[in-house]
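Visitor: I'd like to learn how to read a model like this one. Could you walk me through it, feature by feature?

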Amino acid sequence: MRILSQRDHSREELKRKLQLSSQRAAYLQQQENTPIPDELLEKVLDWCQESGWLNDERFTERFIQSRARKGYGPQRVRMELQQKGIGRDEINQALFDTEVDWSQCAADLAKRKFGEPLPQTWTEKSKVQRFLMSKGFMMEDIQAVFRNSDD
């Protein structure tokens with residue numbers, strides 16, 4: 001309950017944290033580590049889901065919003081969600097349904113980092129492009145940044 005009270009988690013992420021917590025408790029009590037039986041762990045996770053405390057869809061939506069606010073693009077968000085145990089189809093659907101304007105996020109980040117107006121020489125533009133790619137933005141969003149800044 002303490003883990004879920006701090007922030008939303010994916011089902012797989014909570015499962016890993018519960019297993020790790022069990023290992024830590026055994027270590028601190030100087031006992032032999034006996035893993036939590038999978039059936040019991042699944043029952044706990046199902047109960048949390050039925051109670052509304054665990055919801056992968058809600059977690060994915062909030063995670064996308066949070067990472068977008070921090071300046072990360074859809075590719076980076078996709079990779080992080082996969083690491084947290086969210087399925088490829090769920091990620092694709094959530095990214096499709098999100099109201100995040102990735103081009104605008106990329107433009108805002110570029111202006112914060114490189115100032116306004118954005119660089120116009122090829123070498124400076126490539127520096128901006130590499131930066132935005134490292135943050136997980138798609139090439140079409142990066143191109144839109146320069147297209148819109150030329151207006």
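Guide: Let's begin with the naming: helices are DSSP runs of H or I with at least four residues, strands are runs of E with at least two, and both are numbered from the N terminus. Keep in mind that this is a predicted model, where local features need pLDDT of at least 70 and side-chain atom pairs count only at pLDDT 80 or more, while totals for chains, interfaces and linings use all residues. Residues are numbered from 1 along each chain as its sequence is written, and side-chain values use heavy atoms, with hydrogens and water left out.

Visitor: So where does Met1 lie?

Guide: Met1 sits in the segment before H1. To say how covered a residue is, we use relative accessible area: under 20% is buried, over 50% is exposed, and partly exposed is in between (1.4 Å probe, protein chains only). Met1 has 58% relative accessibility, so it counts as exposed.

Visitor: Which residues form a nonpolar patch on the surface?

Guide: First, the idea: a patch takes residues with over 30% relative accessible area and no salt bridge, joining like charges within 9 Å and nonpolar side chains (Val, Leu, Ile, Met, Phe, Trp, Tyr) within 5 Å. The areas come from the Shrake-Rupley method with a 1.4 Å probe, and for residues only the protein chains shown count as cover. Here Met1 teams up with Trp47 and Trp53, and together the three have about 360 Å² of accessible area.

Visitor: And which residues form the negative surface patch?

Guide: For charges, Asp and Glu count as negative, Lys and Arg as positive, and His and the chain ends are not counted. Each charge is placed at NZ of Lys, CZ of Arg, CG of Asp or CD of Glu. In this model the negative patch is made of Glu57, Glu61, Asp89, Glu90, Asp97 and Glu99. Two elements give two or more residues to it, helix H4 (56-69) and helix H6 (88-97). H6 gives the most, with three residues. Glu99 belongs to the loop between H6 and helix H7 (102-114), and counts as exposed because its relative accessibility is 77%.

Visitor: How many salt bridges does the count come to?

Guide: A salt bridge is a side-chain nitrogen of Lys or Arg within 4 Å of a carboxyl oxygen of Asp or Glu. By that rule there are ten salt bridges. Take Glu42 and Arg11, whose side chains meet at 2.7 Å, N to O. Glu42 is in helix H3 (residues 38-50) and Arg11 in helix H2, so this pair ties together parts that are 31 residues apart in sequence. Arg11 is buried, with a relative accessible area of 17%, while Glu42 is partly exposed at 28%.

Visitor: Which residue meets Lys84 in a salt bridge?

Guide: That is Glu13, at 3.1 Å, N to O. This pair links distant parts of the chain, with Lys84 in the loop between helix H5 (74-83) and H6, and Glu13 in helix H2, 71 residues apart. Glu13 counts as buried because its relative accessibility is 8%.

Visitor: Where do Arg76 and Glu80 lie?

Guide: Both lie in helix H5, four residues apart, which is about one turn of the helix. Arg76 is partly exposed at 26%, whereas Glu80 is buried at 11%. Elsewhere, salt bridges that share partners join Arg11, Lys15, Glu42 and Asp46 into one network.

Visitor: Now contacts, please. Which residues does Ser10 touch, not counting residues up to four places away in sequence?

Guide: Contact means heavy atoms within 4.5 Å. With those neighbours left out, Ser10 touches Leu54, Asp56, Phe59, Lys84 and Ile86. Ser10 is found in the loop between helix H1 (2-6) and helix H2 (11-28), and is buried, with a relative accessible area of 0%.

Visitor: Is Leu109 buried or exposed?

Guide: Leu109, in helix H7, counts as buried at 8% relative accessibility. Leaving aside neighbours within four places in sequence, its contacts are Gly71, Phe131, Leu132, Lys135 and Phe137. Leu109 and Lys135 are 26 residues apart in sequence and 9.6 Å apart in space, C-alpha to C-alpha.

Visitor: Which helices do the buried residues of H9 pack against?

Guide: They pack against H5, H7 and H8. The buried residues in helix H9 (residues 139-149) are Asp141, Ile142, Ala144, Val145 and Phe146.

Visitor: One last stop: which residues does a cis peptide bond join?

Guide: Glu116 and Pro117, with omega about 0°. You'll find Pro117 in the loop between H7 and helix H8 (122-134).
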